[in-house]
Amino acid sequence: MTLSLLVRQLPTALAKLDPRHMWRNPVMFVVLVGSVLTTVLAVADPDGFTVAIAAWLWLTVLFGNLAEAVAEGRGKAQAASLRAARKDTVARRLERDGSVTEVPGTDLVVGDRVVVEAGEVIPGDGDVVEGIASVDESAITGESAPVIREAGGDRSAVTGGTTVLSDRIVVKITAAPGSTFLDTMIALVEGTSRRKTPNENALTILLSSLTIVFLLAVATLAPMADYAGAPQRTVVLVALLVCLIPTTIGALLSAIGIAGMDRLVRVNVLAMSGRAVEAAGDVGTLLLDKTGTITYGNRRATSFVAQAGVDPELLRDTARLSSLADPTPEGRSIVELALEQGAPDVPLPAGAEIVAFSATTRMSGLDLADGTVVRKGAASAVLAWLDRTSLPPSVESAVAHISADGGTPLVVAVRRPGEAGQILGVVHLKDVVKPGMAERFAELRRMGIRTVMVTGDNAITAKAIAAEAGVDDVLAEATPEEKMAFIRQEQAGGRLVAMTGDGTNDAPALAAADVGVAMSSGTSAAKEAGNMVDLDSDPTKLIDIVEIGKQLLITRGALTTFSVANDVAKYFAIIPAMLVAAYPSLEALDVMRLHSPESAILSAVIFNALVIVALIPLSLRGVAYRVATAAGLLRRNLLVYGLGGLVVPFVGIKLVDLLLSSLFGSAL
Amino acid sequence: MSDAVAGVLSLLALVGLLALAYRPLGDFIAGTLESPRHSRLERPLYRLAGVNPDAAQSTRSYALAVVGFSVVSLALLFLLLVLQSFLPYARGQAGMPWDMALNTAVSFVTNTNWQSYAGESTLGWTAQAAGLAVQNFVSAAVGISVAVALIRGFTRNRTDQLGNFWVDLVRVTLRVLLPIAFVGAVLLVVAGTVQSFSSDQVVDTLTGGQQTITTGPAASQEAIKELGTNGGGFYNANSAHPFENPNGFSNLLEIFLILLIPVALTRTLGTMLGNRRQGYAVLGAMTALIVTSLAITTWAEVGAHGQAAQAAGAAMEGKETRFGEWASALFATATTGTSTGAVNSAHDSFTPAGGGAVLVNMMLGEVSPGGVGAGIYGILVMAILAVFVAGLMVGRTPELLGKKIRSTEMRYVALYTLTTPALVLVGVGIAIALPSTADAMGNPGGHGFTEVVYAFTSAANNNGSAFGGITVTSTFFQLMLAGAMLLGRFVPILFVLALAGSLARQGKVPATTGTLPTHTPLFAGLLVGVILVMTGLTYFPALALGPIAEALA
């Protein structure tokens with residue numbers, strides 16, 4: 001954050017001085033009233049001290065508004081670029097009789113069908129009902145690689161404002177103009193639809209009650225000081241009040257919330273409400289889809305097991321050869337593994353005939369020009385091809401072993417012309433867990449979050465992968481109903497559940513989950529059901545979302561603690577300054593040895609205002625979150641923000657006082 | 001034996017006795033209140049009152065029962081005091097003036113036991129035994145019932161039922177308070193506390209004058225006065241009077257009785273929660289507060305700070321020679337730390353630091369360890385406050401003992417924590433602005449100011465001890481303080497019950513490693529910090545103008 005950014009937001013901050021806006025923040029509203037009051041006093045009786053206090057109180061209010069304006073400003077920039085995508089489009093509406101009429105995109109209603117062809121912008125949100133096309137969604141996701149959208153299935157949703165790159169599709173409009181996904185996004189990043197979250201409301205109650213306590217303490221101090229023979233000027237009482245009420249957190253509270261949403265936007269996640277972000281911090285159970293989240297989603301070759309007596313290099317090279325023309329991810333992974341293990345990178349021999357996998361043969365391979373036939377496939381299929389009834393013992397045990405581990409054994413055999421076929425060995429294919437997942441799950445466990453892997457696989461395969469990935473629980477052969485029942489069961493136990501989903505059949509579960517992240521690539525039903533949308537469609541992001549939620553709450557708590565702890569030093573600055581005239585003994589409380597009573601009070605007020613500006617970057621960035629147990633986090637944050645909050649203002653006020661006394665020494 | 005050795009030994013004896021009673025008493029109270037069985041003595045009582053003891057009460061009806069019972073108690077006690085001249089054993093005492101009667105009735109029904117009257121010269125025995133002593137029992141039982149209702153708010157899930165107030169009230173009175181008070185009274189009689197219904201003795205003094213010596217049923221009232229953290233003395237001089245508290249043994253016994261239930265209730269808390277360590281953490285926080293306060297008061301009083309004390313060689317002004325500084329400091333700390341308000345010395349005459357420390361004990365909100373029941377619900381509310389801020393710092397929305405602290409809960413907590421400071425500050429602010437208040441003060445300047453602050457702090461926190469010095473018999477003070485006592489008792493109670501209801505309606509959130517543990521020394525330390533900071537921020541200006549200015553002079 002630069003100074004120029006602050007200056008640029010100054011007009012917005014000034015506009016926020018509107019009492020109707022300020023009223024929503026009780027703490028800062030009190031400061032506003034104090035500013036007006038001291039200004040009146042300064043006008044009625046203009047002495048330097050009163051004018052200075054009034055000026056700094058106005059600055060305090062302004063700095064608070066500035067924090068909010070800067071936080072919102074980041075979203076506004078993004079909203080502007082989104083608006084550019086929402087340019088007026090001409091829609092080609094498909095009428096009942098099959099004719100096409102051109103209408104403005106804004107005239108579309110839900111249920112209309114429109115034709116979009118290559119190079120055209122999709123006029124509104126909808127589902128593809130006919131055709132297939134590649135679509136450039138960079139206007140929304142920032143991702144330039146085109147995506148495929150086709151009728152039927154879970155990849156049918158298209159978003160208004162995106163561009164069709166190839167082919168022709170018919171889109172059935174599902175959202176009225178003005179309430180499209182793009183409109184929602186703009187409103188969200190701009191923060192126009194922002195409401196206070198439940199925890200913000202609870203915190204506001206606490207801050208308001210603290211404000212009332214201090215209001216009472218300061219108001220009753222007036223007659224008490226009168227009795228003591230040290231009558232107080234109103235301007236001093238107002239200054240004391242403003243210093244005591246929790247202005248730091250009061251000024252930064254909404255900025256923290258906006259910045260939290262903004263941090264999500266930066267990882268390309270849109271939260272439909274602040275409530276969802278808060279819930280993310282509380283999540284107790286993460287439902288993670290196996291495919292694409294925990295594993296790469298494709299089975300990969302991980303080892304070659306040669307039959308006893310067969311040269312392992314022969315198996316390796318033959319397996320590679322058989323897969324050279326195999327376009328499937330499994331086939332490619334065999335080639336990669338073979339190369340990794342030192343197989344020579346020779347090209348496909350000339351004249352080789354490719355035999356693709358078919359459901360009847362359940363094998364694939366090559367017929368070479370010299371008559372040699374290479375095959376790989378399921379054990380039973382290879383046995384049938386070789387006319388044999390049993391596998392060699394060493395292969396048999398390897399196959400059994402791999403199956404029990406949840407992997408897929410692929411038997412490789414070769415038959416040279418005039419020879420009997422020979423089984424060379426087995427390729428071990430398995431679902432490979434993405435690197436680093438086990439560590440992340442261990443971190444989540446330390447954070448008190450249970451990870452549950454959801455998969456359509458059978459229980460054996462699922463368990464094996466779960467054990468490797470280190471998740472806490474598995475939901476195998478999961479149907480949408482079972483997923484739903486599982487969520488309900490977790491919630492009944494008091495745990496908040498987060499999940500991702502993209503399909504229409506995920507929608508009920510997404511709606512039931514406390515944090516339901518819909519993939520942007522998913523159906524519109526899924527996107528409507530979830531309370532977040534991941535524009536990158538990356539299910540791993542759930543973990544980032546949880547961390548951002550936690551960070552938001554920690555920042556709020558840390559700054560509240562800091563704000564309240566600051567009061568101790570302010571009392572030590574102001575109380576002796578106010579009352580030393582009545583009781584000279586109170587000078588002993590002036591531990592900072594401030595220049596004069598006036599400079600003491602002014603220094604506290606100035607520090608109070610400046611600390612808001614100083615903490616704007618922290619409130620926008622968020623307190624650094626490190627994975628640790630709750631007790632560990634508390635100890636660390638209490639030390640930094642609690643103890644720091646006690647000590648910092650003593651130093652800060654003293655520094656301001658030194659500066660003031662060196663500048664205006666005699667006048668103060 | 002030197003004073004210091006005696007002081008330390010009696011402190012050790014006290015700690016030992018409390019430790020012995022801690023488990024059995026705490027568990028007994030928990031068992032008593034959760035047992036489904038009614039005793040043969042209790043059933044007829046319920047039938048007589050037309051109460052179904054097996055019906056669970058909702059939050060609303062529990063609260064209505066507490067308020068209804070207290071309003072009726074208030075009316076009955078007021079009538080008893082005003083009309084006491086028509087009652088037997090009136091000793092010829094006239095009815096109390098209405099403002100004093102109102103103040104006294106409020107005072108005893110709210111478990112404050114502030115006394116703007118002198119017992120021996122104002123009250124007959126019926127008023128003492130059938131009025132004040134009865135309220136000593138039942139007002140204590142009300143406090144414990146409310147605390148138990150709040151604990152049930154934490155232990156129960158998805159229900160609006162907090163138990164049955166009448167059952168709680170009857171069981172605490174009959175099964176807990178009565179037996180212990182009986183044993184305590186017998187021990188006090190053994191120690192020399194008077195217990196008789198004989199009429200005043202008029203004796204000739206050595207100097208040839210005549211003196212009226214009032215005896216009466218003192219021991220029976222004394223035991224429950226301490227046990228129920230009531231504090232209203234049979235005599236005006238309270239526990240400084242030799243007929244109430246004749247010697248070192250009775251003094252130690254009284255301090256033991258004062259601390260017994262408030263301390264044991266932390267065990268009850270742990271047992272009811274099924275989380276004993278939580279009880280220890282709460283006790284730890286309470287202990288840290290009271291031990292610090294005791295150390296300051298003892299240091300101030302024994303060290304004889306201040307010119308007069310140094311000239312005399314000891315700060316003995318206002319203290320009984322049979323107790324000395326150590327036992328006076330210990331009694332003063334126990335009585336202000338528990339909202340008892342009995343005194344065995346004049347707090348007004350304490351050194352500024354010592355007097356300030358006992359004043360702060362009350363300002364903490366009576367949580368160290370606080371009044372019977374009130375201490376538990378008071379510190380649980382503060383724990384919610386601590387958990388609210390600290391809980392956020394572990395990256396979750398706050399929860400305590402498996403219950404989420406949401407806006408609803410925070411609203412009740414905020415209102416609870418606002419009530420007493422508002423009563424104290426506004427009360428002092430109004431009183432100090434009135435010219436007549438200066439005349440009521442026993443001292444000028446900062447010390448007189450402290451007398452006013454002490455009076456309102458004592459009333460609003462339902463402590464009832466008097467700093468002394470100040471004259472509070474004017475209608476203004478009678479009504480202001482009665483208002484402070486009444487609002488300071490029942491407004492927080494209503495918020496606590498509302499809080500309990502809202503907690504009970506929630507489900508339970510299971511604890512994980514991501515949950516802030518609240519049974520650790522770290523959390524106990526945080527709790528102490530929050531209590532100190534909240535108290536400090538609220539009262540620092542008032543303290544600066546009173547005890548701090550005096551102590552630094």
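Entry 1: I note here that the model is a predicted one. Strand β1 of chain A covers residues 90–94 and strand β2 of chain A covers residues 100–104; the two pair in the antiparallel sense over five bridges.

**Entry 2: the six-stranded sheet.** I found an open sheet of six strands in chain A, in the order β2-β1-β3-β9-β4-β7, with antiparallel pairing. I marked β2 and β7 (157–158) of chain A as the edge strands; each has a single partner strand, so one side of each is left without a neighbour in the sheet.

Within this sheet I followed β4(A) and β9(A), which pair in the antiparallel sense over four bridges. As an example I noted Asp127(A), whose bridge partner in β9(A) is Lys172(A).

Entry 3: I counted salt bridges over all chains, and the structure holds 49. One of them joins Glu130(A) to Arg168(A), with the closest N and O atoms 3.9 Å apart. Glu130(A) lies in strand β4 (residues 126–130) of chain A and Arg168(A) in strand β9 (residues 168–173) of chain A, so this pair ties together parts that are 38 residues apart in sequence.

**Entry 4: the three-stranded sheet.** I turned to another open sheet of chain A, which has three strands in the order β6-β5-β8 and antiparallel pairing. Here β6 (147–150) and β8 (163–164) of chain A stand at the edges with a single partner strand each, so each has one side without a neighbour in the sheet. I recorded four bridges between strand β5 (residues 132–136) of chain A and β6(A), which run antiparallel. Across this pairing, Ser134(A) stands opposite Ile148(A) in β6(A).

**Entry 5: chain B.** For chain B I listed 19 helices and six strands. The radius of gyration of chain B is 22 Å, close to the 24 Å that the globule rule gives for 553 residues, so chain B is as compact as a globular protein of that length. I also noted that the C-alpha atoms of chain B fill a box of roughly 75 × 60 × 50 Å along the principal axes.

**Entry 6: the interface.** How many residues of chain A are in contact with chain B? I found 60 residues of chain A in contact with 57 residues of chain B. The two chains bury about 4800 Å² between them, 77% of it on carbon and sulfur atoms. Met224(A), Tyr227(A) and Leu634(A) supply 15% of the area that chain A buries against chain B, more than any other three residues.

I then searched for charged pairs across this interface, and the rule finds one salt bridge. Asp282(A) forms a salt bridge with Lys404(B), the closest N and O atoms being 3.2 Å apart. I counted 17 residue pairs in polar contact between chain A and chain B.

Among the elements of chain A that give two or more residues to the side touching chain B are α11 (274–282) and α23 (630–664). The most comes from α8(A), with 21 residues. By class, I recorded 37 nonpolar, 14 polar and nine charged residues on the side of chain A that touches chain B.

Key
Residues are numbered from 1 along each chain as its sequence is written. Chains are lettered from A and ligands numbered from 1 in the order in which they are written. This is a predicted model: local features need pLDDT of at least 70, side-chain atom pairs count only at pLDDT 80 or more; totals for chains, interfaces and linings use all residues. Side-chain values use heavy atoms; hydrogens and water are left out. Contact means heavy atoms within 4.5 Å. Buried area is the accessible area (1.4 Å probe) that two parts lose on being put together, summed over both. A salt bridge is a side-chain nitrogen of Lys or Arg within 4 Å of a carboxyl oxygen of Asp or Glu. A polar contact is a pair of N or O atoms within 3.5 Å; within protein, one must be able to donate a hydrogen and the other to accept it, and residues adjacent in sequence count only if both atoms are side-chain atoms. Ala, Val, Leu, Ile, Met, Phe, Trp, Tyr, Cys and Pro count as nonpolar, Asp, Glu, Lys and Arg as charged, and the others, Gly among them, as polar. Two strands pair if DSSP finds at least two bridges between them. The radius of gyration is taken over C-alpha atoms; the globule rule is 2.2 Å times the number of residues to the power 0.38.
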